[in-house]
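Please read the following points beside the model.

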Amino acid sequence: MTRATDAMERLLTIMERLRAPDGCPWDREQTLRTLRPYVLEETYEVLEAIDGGDPREHCEELGDLLLQIVFQAQLAKEEKQFEFADVAEAISNKLVARHPHVFGERAQGQLGHVKDAEGVLRQWAALKREEKKAKGGGASVLEGVPRELPALARADRLTEKASRVGFDWPEPAGARAKLAEELGELDRALEAGDAEALEHELGDVLFAAANLGRKLGIAPEEALRGAVSRFVARFGHIERELARRGVPHGEATLAEMDALWEEAKNLERQAKSDAIPRSPGHPHTLGKDRG
């Protein structure tokens, strides 16, 4: 047996022991409903670990997420619905079936011949539709995007799925023009003072921005997360500087805070500039030895 097999068997045994009659009282009380928030929480902690760049932290958080999968599989096993092996086999079968260009299945037909990543996505969508038809499900390419995804991420996934069947602009310029159009409609709703129209048009602006991000190869959810992080860091700079200057909380003028905001942005730029590796061939060093 491989190390991975041994480790997985050990984890499954531990989980079964925790759920045993003489196991952990807390674990024994859990249900699929009570575990719901933990799945989401652990997923976000994995994302934070990726952003943090610490491999050990990433490894640990992946383990916490794996626990949630094993935990749910154990609950299903107790109800005689399925078990972890069924979960692993199901995703293995799906991966093989949806990668005929790798595993050779359907290679003689239209499917199985792809030249690039875009072709893989189109083939994946076609195979998925075939699977759904075989199961008696709907044929919409938009199916399979969870409603509980953050709205920005869901917009990204929905437009990406629609693009697989050609419902897309050929170039980012088309998506950018759509964003400008939606901003114009938002401006008109703002001028009219129509609260309902404002919410509608703001939603369209956000959706169009998410679509533009996809066309640019930028995940909008990640872009917004970055913007939020920068806001937190810059506002933290404002608070620290105001405290250092003895300005009471809430009494700073907007002009003072704007100036500190710009200062924080400049410090960010300087930090990025200082982090650029300098080498004899780097543009920042050219000309420094000339007389």
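1. A pocket is here an open set of points, on a 1 Å grid over the protein atoms alone, with protein on both sides within 12 Å along at least five of seven lines, and its lining residues have an atom within 4 Å of a point. Grid points are joined across faces, edges and corners, and a volume is the space filled by probe spheres set on the points. The largest pocket found in this way holds about 580 Å³ of space.

2. This is a predicted model, in which local features need pLDDT of at least 70 and side-chain atom pairs count only at pLDDT 80 or more, whereas totals for chains, interfaces and linings use all residues. Residues are numbered from 1 along each chain as its sequence is written, and side-chain values use heavy atoms, with hydrogens and water left out.

3. Which residues lie nearest the centre of the largest pocket? They are Leu40, Thr43, Glu148, Leu149 and Pro150, out of a lining of 18 residues. By class the lining divides into 10 nonpolar, two polar and six charged residues, where Ala, Val, Leu, Ile, Met, Phe, Trp, Tyr, Cys and Pro count as nonpolar, Asp, Glu, Lys and Arg as charged, and the others, Gly among them, as polar.

4. Three helices, α3 (32-52), α8 (151-163) and α11 (220-244), each supply at least two residues of this lining, and α3 gives the most, with seven residues. Helices (H or I, at least four residues) and strands (E, at least two) are DSSP runs, numbered from the N terminus. On that basis the chain has 12 helices and zero strands.

5. Pro150, one of the residues nearest the pocket centre, is found in the loop between α7 (117-134) and α8. Pro150 is partly exposed, with a relative accessible area of 25%; buried means under 20% relative accessible area, exposed over 50%, and partly exposed in between (1.4 Å probe, protein chains only). Leaving aside neighbours within four places in sequence, Pro150 is in contact (heavy atoms within 4.5 Å) with Tyr44 and Glu221. The C-alpha atoms of Pro150 and Glu221 are 8.1 Å apart, although 71 residues separate the two in sequence.

6. Leu224 has its place in helix α11 and, at 45% relative accessibility, counts as partly exposed. The C-alpha atoms of Leu224 and Leu152 are separated by 8.8 Å, and the two residues are 72 residues apart along the chain.

7. For the chain as a whole, 24% of the 291 residues count as buried. Among the contacts with a separation of 6 or more, 48% join residues 24 or more positions apart. The accessible surface comes to about 20200 Å², of which 57% belongs to carbon and sulfur atoms; such areas come from the Shrake-Rupley method with a 1.4 Å probe, and for residues only the protein chains shown count as cover.

8. Rings of Phe, Tyr and Trp (its six-membered ring) pair if their centres lie within 6.5 Å, and planes under 30 degrees apart count as stacked, over 60 as edge-to-face and the rest as tilted. By this rule the count comes to three aromatic pairs. Phe231 and Phe235 are stacked, because their ring centres are 5.9 Å apart and their planes stand at 10°. Both residues lie in helix α11, four residues apart, about one turn of the helix. Phe231 is partly exposed at 46% relative accessible area, and Phe235 is partly exposed as well, at 33%.

9. Phe231 also forms a tilted aromatic pair with Trp261, with 5.6 Å centre to centre and 55° between the planes. This pair links distant parts of the chain, with Phe231 in helix α11 and Trp261 in helix α12 (residues 254-275), 30 residues apart. Phe231, Phe235 and Trp261 form one aromatic cluster.

10. Not counting residues up to four places away in sequence, His237 touches Leu260, Glu263, Ala264 and Leu267.

11. One backbone angle deserves a look. Most residues other than glycine have a negative phi. The phi of Lys80, however, is near 60°, a positive value in a residue other than glycine. Lys80 has its place in the loop between α4 (55-78) and α5 (84-97), and at 76% relative accessibility Lys80 counts as exposed.

Terms used: 1 Å grid on protein atoms, 1.4 Å probe; cavity = no way out; pocket = protein on both sides within 12 Å on 5 of 7 lines; lining within 4 Å.
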